[in-house]
Number of protein chains: 2
Amino acid sequence: MNTEQVITMLRKNGHKVTPQRIAICEAVLSNKEHPTAEIIFKKISKQHPTISMTTVYHTLDLLKKLELVHEINFDNRVTRYDSNVSVHVNVICQKCGKISDYESEAIQSQWNRIVSAIKIKPVGQRLDAYVICEDCKG
Amino acid sequence: MNTEQVITMLRKNGHKVTPQRIAICEAVLSNKEHPTAEIIFKKISKQHPTISMTTVYHTLDLLKKLELVHEINFDNRVTRYDSNVSVHVNVICQKCGKISDYESEAIQSQWNRIVSAIKIKPVGQRLDAYVICEDCKG
DNA sequence: ATTCTAATTTGTAATGATTACAGATTACTA
DNA sequence: TAGTAATCTGTAATCATTACAAATTAGAAT
């Protein structure tokens, strides 16, 4: 989903379109690295020097409610935002914290089998696999 | 794993065995409801009125390092502790926050297929399915 | 185009779970 | 039984996030 489509969706849901929102949406939705609110804030500060953290948090909440991003919470108490809302596996290095997404038809169908075995219809999911990545193994 | 076995493991790893540790281990390992540090603290306070939150946190960290519990972090920034360290699915209600564990040979093998498809050997995993539970659907 | 108004933005202050710290206590060793 | 390093405890600090209120602004109505 590109920014233009996000704007349309904002309007459709009765939300105002502001320069800050556009900037935040672009920054989050184009970033595949599961950024934190602070990373988004810093990236946007270059173009919007007066932007505040509060606005970033508000907009991320909005995107969360619109189901355009998912939150991923970690033990360091910093929330990361994932613009990949399809069924996928977050492969997370225990040492350096780097996250890689894995997405495939196979993963999708295995997960479907798991949820149907449990007899539930999830409204969302989070699949983490914790590893020590190649860089950290050395 | 029962408390006696935990004591043995503590000794084997060179950690001292204290009444507080025994109480905390018993409370966490016997609780299937993914308690918070505060819940553990309150439960133990009855028998150990002078216990401190710091001790609870220290002991939970120890159990985490010994791989006897897993942390589950949520967006309200409160950490929950899961004494089920096998491969299982946390079915979490989006409204009331209740967590139910689902564990089976089938889940285990489906997950194994997923990780082998990705070509990784995880040191751990977290599988969440988000639902609206029957009580909250009403 | 201008006005109006509710939504949004912003800066500051509050929150609260967790961690750091240092002194008192205690489990275990010899 | 004494010695010592680990553990426990209470208090203070941390810091990501949220609450709040005043200033600004997008979009609707005129």
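Is B:Asp61 buried, partly exposed or exposed? Let's work through that and a few more exercises together.

This is a predicted model, in which local features need pLDDT of at least 70, side-chain atom pairs count only at pLDDT 80 or more, and totals for chains, interfaces and linings use all residues. Residues are numbered from 1 along each chain as its sequence is written, chains are lettered from A and ligands numbered from 1 in the order in which they are written, and side-chain values use heavy atoms, with hydrogens and water left out.

**Exercise 1. Classify B:Asp61 and describe its salt bridge with B:Lys64.**

Step 1: recall the classes; buried is under 20% relative accessible area, exposed is over 50%, and partly exposed is in between (1.4 Å probe, protein chains only).
Step 2: B:Asp61 has a relative accessible area of 31%, which makes this residue partly exposed. B:Lys64, at 25%, is partly exposed too.
Step 3: a salt bridge needs a side-chain nitrogen of Lys or Arg within 4 Å of a carboxyl oxygen of Asp or Glu. Here the N to O distance is 3.7 Å.
Step 4: look at the helix. Both residues lie in H4 (residues 53-65) of chain B, three residues apart, about one turn. Helices are DSSP runs (H or I, at least four residues), numbered from the N terminus.

**Exercise 2. Describe the salt bridge between A:Glu71 and A:Lys64.**

Step 1: the closest N and O atoms of this pair are 2.8 Å apart.
Step 2: A:Glu71 is buried, with a relative accessible area of 18%, whereas A:Lys64 is partly exposed at 25%.

**Exercise 3. Find how B:Lys137 and B:Glu134 are placed in helix H6 of chain B.**

Step 1: their side chains form a salt bridge of 3.4 Å, N to O.
Step 2: B:Lys137 is exposed at 54%, and B:Glu134 is exposed at 61%.
Step 3: the two are separated by about one helical turn, because they sit three residues apart in H6 (residues 134-137).

**Exercise 4. Describe the protein surface near DNA strand D.**

Step 1: take as near any residue with a heavy atom within 4 Å of the strand. This gives 21 residues, with A:Tyr57, A:Thr79, B:Thr18, B:Arg21 and B:Thr55 the closest.
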